[in-house]
Amino acid sequence: MKRTQSIDLSSMRKSPKYFAFKPLAIAVAAGTLLGCSDDSQEEQVYRTVNDCISDNPDQTEQCEIAYKQAIEESVKSGPKYSSMAACIADFGENNCNGYSNQSNQSFFMPFMAGYVVSSLLDNRRYRSAPLYTSYSRSSPAYGKWSSTDGNLFGSANSKKVRFGSNDFKPKPIVRRTMSRGGFGSTIAAKSRFGGKSSRSSWGG
Amino acid sequence: MFRSIISERPHWRDSAREFGFTYHTMYGEAYWDESAYYQFNLQQIENDIEAPTEELHQMCLSVVDKVVNDQQLMERFQIPQTHWDYIRTSWMNKESSLYSRMDLAYGGSGHAKLYENNADTPTSLYETGFWQWLWLQDQVNAGKLHRKSDQFNSLQEKLVNRFSQMRLEHPGETLYFSCCKDTDEDRGTVQYLEDCAVAAGIDCKFIYIEDVGLSADDCFTDLDNLKISWMFKLYPWEFMLREEYSEAITQSGTSWLEPPWKAIMSNKALMPMLWKLFPNHPNLLASYFEEDLKNSQLTHYVKKPIFAREGANISIVIDGEERYSSDGPYGDEGFIYQAYSPLPAFGDNFTLIGSWLVNDKAAGISVREDKNRITQDLSRYMPHIIL
């Protein structure tokens with residue numbers, strides 16, 4: 001045979017998917033069994049490495065690695081502001097610091113207030129994430145734990161947060177886009193040729 | 001090899017809508033035409049198309065190897081000097097390529113002749129890999145074609161396998177698919193490739209090429225301001241290397257499909273270089289650069305722009321007289337001259353074979369027909385069988 005053996009036609013269909021009716025009984029049963037789909041569980045929060053070590057005296061190294069990972073993630077994807085005032089408005093006085101990147105642009109970030117360490121710690125998998133808190137009364141994060149993307153996790157007095165596996169995932173770095181449209185100018189020029197109102201392929 | 005009339009599948013237009021084949025009719029003319037099909041025998045496919053395609057491909061790769069190491073040739077190929085190193089490095093690093101399509105003149109006997117190599121942005125992929133495959137399936141099931149009918153078309157299978165390999169080279173990375181705005185055909189082609197990549201387990205996103213952004217730290221960005229680290233672009237290198245973001249390409253760290261070295265392989269200057277390296281090869285047509293034309297004794301030839309798409313700006317010269325020509329916006333970068341070897345005619349139709357490669361392996365064919373001697377973007381796509 002000189003052709004593709006088989007193609008899953010259902011995966012190739014592009015028309016809107018038809019409504020798939022689910023019998024009520026099954027839907028109810030699924031609801032009672034699973035509840036709201038959520039894999040989050042209670043995880044430990046530490047304010048400092050020493051907090052972690054005093055709770056886990058035989059896991060000094062794990063505590064340090066988890067802290068280091070959280071710091072790295074906070075540098076990469078923590079909240080960034082273009083002015084100190086904007087940072088203070090969200091996170092409070094004496095809770096923000098100025099930084100500058102390689103291209104000498106300055107920005108402001110809140111200090112990491114703690115880090116959450118996965119209870120999987122004893123499985124030798126060091127999942128951790130930075131946490132922030134706000135001292136500004138007008139901020140939604142006031143007195144609460146906040147993750148890098150602004151999700152709130154209850155009182156900052158608590159040493160426990162409910163974290164799901166998505167909360168532990170490293171966040172992609174958001175860039176500062178300076179311009180758009182630097183590709184595509186050639187076709188804009190070429191497509192004027194012939195006065196076609198719509199275009200066919202620019203491939204070949 | 002012959003052309004047979006066959007009745008159309010009664011509901012194929014509904015089926016096209018269901019599968020999202022939106023460009024089967026363009027400018028009020030049929031593009032997909034299933035009122036007839038081409039029939040090949042297995043020897044014609046294997047000896048005359050499949051084997052020469054893979055051999056020609058290896059020959060093209062050796063041209064690339066020569067050109068990247070030769071500044072004069074880089075100039076001849078109209079590669080901007082600012083990107084010589086970038087392209088050479090991409091070749092030296094053996095950056096992965098996905099696919100290409102060679103256009104062959106072949107009428108069922110003798111040697112297939114290479115017209116050109118669409119190695120950077122080939123289209124008519126969906127029609128080939130999926131739609132004509134479905135046509136064969138339907139027509140065999142309807143009893144209109146012999147049940148032993150086969151097709152030279154392992155394109156979809158090979159694309160999915162190729163993407164599976166690439167996924168291992170890019171663990172956890174998102175592959176961005178892009179093409180220009182306002183073309184259903186290109187959007188459809190890119191969507192098909194995305195479907196193949198998803199089937200291979202790759203995380204995919206789409207962005208129009210015009211929407212790509214550039215960040216303060218020299219990354220290309222999507223509309224969410226996230227870095228584009230891996231990108232398929234249905235947009236030719238020869239354009240990208242001359243546009244506003246051309247300088248940013250080298251700093252961006254983006255991996256491209258097709259890779260930068262395809263700028264050489266998709267270039268029409270490839271044809272005279274092939275003839276220089278492999279003179280009188282049975283699957284090649286004598287081809288020359290402008291300055292070599294006088295000493296070539298070529299009397300019947302085709303003049304093609306170094307950069308052009310879909311048969312634009314081509315003229316056919318016979319005994320010094322221009323007999324046919326197509327217009328278009330190309331030709332500023334010079335021309336090449338190729339011995340005139342007319343397309344085979346089947347009735348009133350001139351027929352061109354597109355021979356596909358994925359991962360250096362021949363992967364199937366597409367057949368296109370035109371009432372004109374120069375196949376252009378409005379030529380019709382015809383299905384084929386092997387029996």
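In chain A of this predicted model, residues 16-37 keep a pLDDT under 50, pLDDT being the predictor's confidence in each residue, from 0 to 100. For this stretch the model has 1 contact beyond four places in sequence; two residues are in contact if their C-beta atoms, placed from the backbone, lie within 7 Å. Residues 194-199 of chain A also stay under 50, and for them the model has 5 contacts beyond four places in sequence. Where pLDDT is low, the predicted coordinates should not be read in detail. Over chain A the average pLDDT is 77, and 75% of the residues score at least 70.

Residues are numbered from 1 along each chain as its sequence is written, and chains are lettered from A and ligands numbered from 1 in the order in which they are written.

Chain A contains 7 helices and 9 strands; helices (H or I, at least four residues) and strands (E, at least two) are DSSP runs, numbered from the N terminus. Of its 204 residues, 27% count as buried. A residue is buried if 20 or more other C-beta atoms lie within 10 Å of its own, exposed if 12 or fewer, and partly exposed in between, with C-beta atoms placed from the backbone. Among the contacts in chain A with a separation of 6 or more, 52% join residues 24 or more positions apart.

Between the chains, 38 residues of chain A are in contact with 56 residues of chain B. On the side of chain A that touches chain B, the elements giving two or more residues are α1 (9-12), β9 (177-180) and α7 (185-190). This side has 11 nonpolar, 18 polar and 9 charged residues, where Ala, Val, Leu, Ile, Met, Phe, Trp, Tyr, Cys and Pro count as nonpolar, Asp, Glu, Lys and Arg as charged, and the others, Gly among them, as polar.

Chain B is divided into domain 1 (2-267 + 345-386) and domain 2 (286-339), with bounds from an automatic or database domain assignment. The C-alpha centres of these two domains of chain B lie 24 Å apart. Helix α2 (residues 42-68) of chain B has 27 residues and reaches 38 Å from its first C-alpha to its last, close to the expected 39 Å, a span given by 1.5 Å times one less than the number of residues. A kink of about 30 degrees in α2(B) is centred on B:Pro52; the bend at a residue is the angle between axes fitted to the seven residues ending there and the seven starting there.

B:Phe350 is placed in strand β19 (residues 349-358) of chain B and counts as buried because it has 20 C-beta neighbours inside 10 Å. Beyond four places in sequence, the residues that B:Phe350 touches include B:Leu343, B:Glu369 and B:Arg373. B:Phe350 and B:Lys371 are 21 residues apart in sequence, and their C-alpha atoms are 6.1 Å apart in space.

Most residues other than glycine have a negative phi, and most peptide bonds are trans. B:Ser124, in the loop between β6 (113-118) and α5 (125-141) of chain B, has a positive phi near 70 degrees. B:Ser124 is buried, with 25 C-beta neighbours inside 10 Å. B:Gln297 has a positive phi near 60 degrees and is exposed, with 7 C-beta neighbours inside 10 Å. The peptide bond from B:Leu257 to B:Glu258 is cis, with omega near -10 degrees.

Definitions and conventions:
Predicted model: local features only at pLDDT ≥ 70, side-chain atom pairs only at ≥ 80, totals over all residues.
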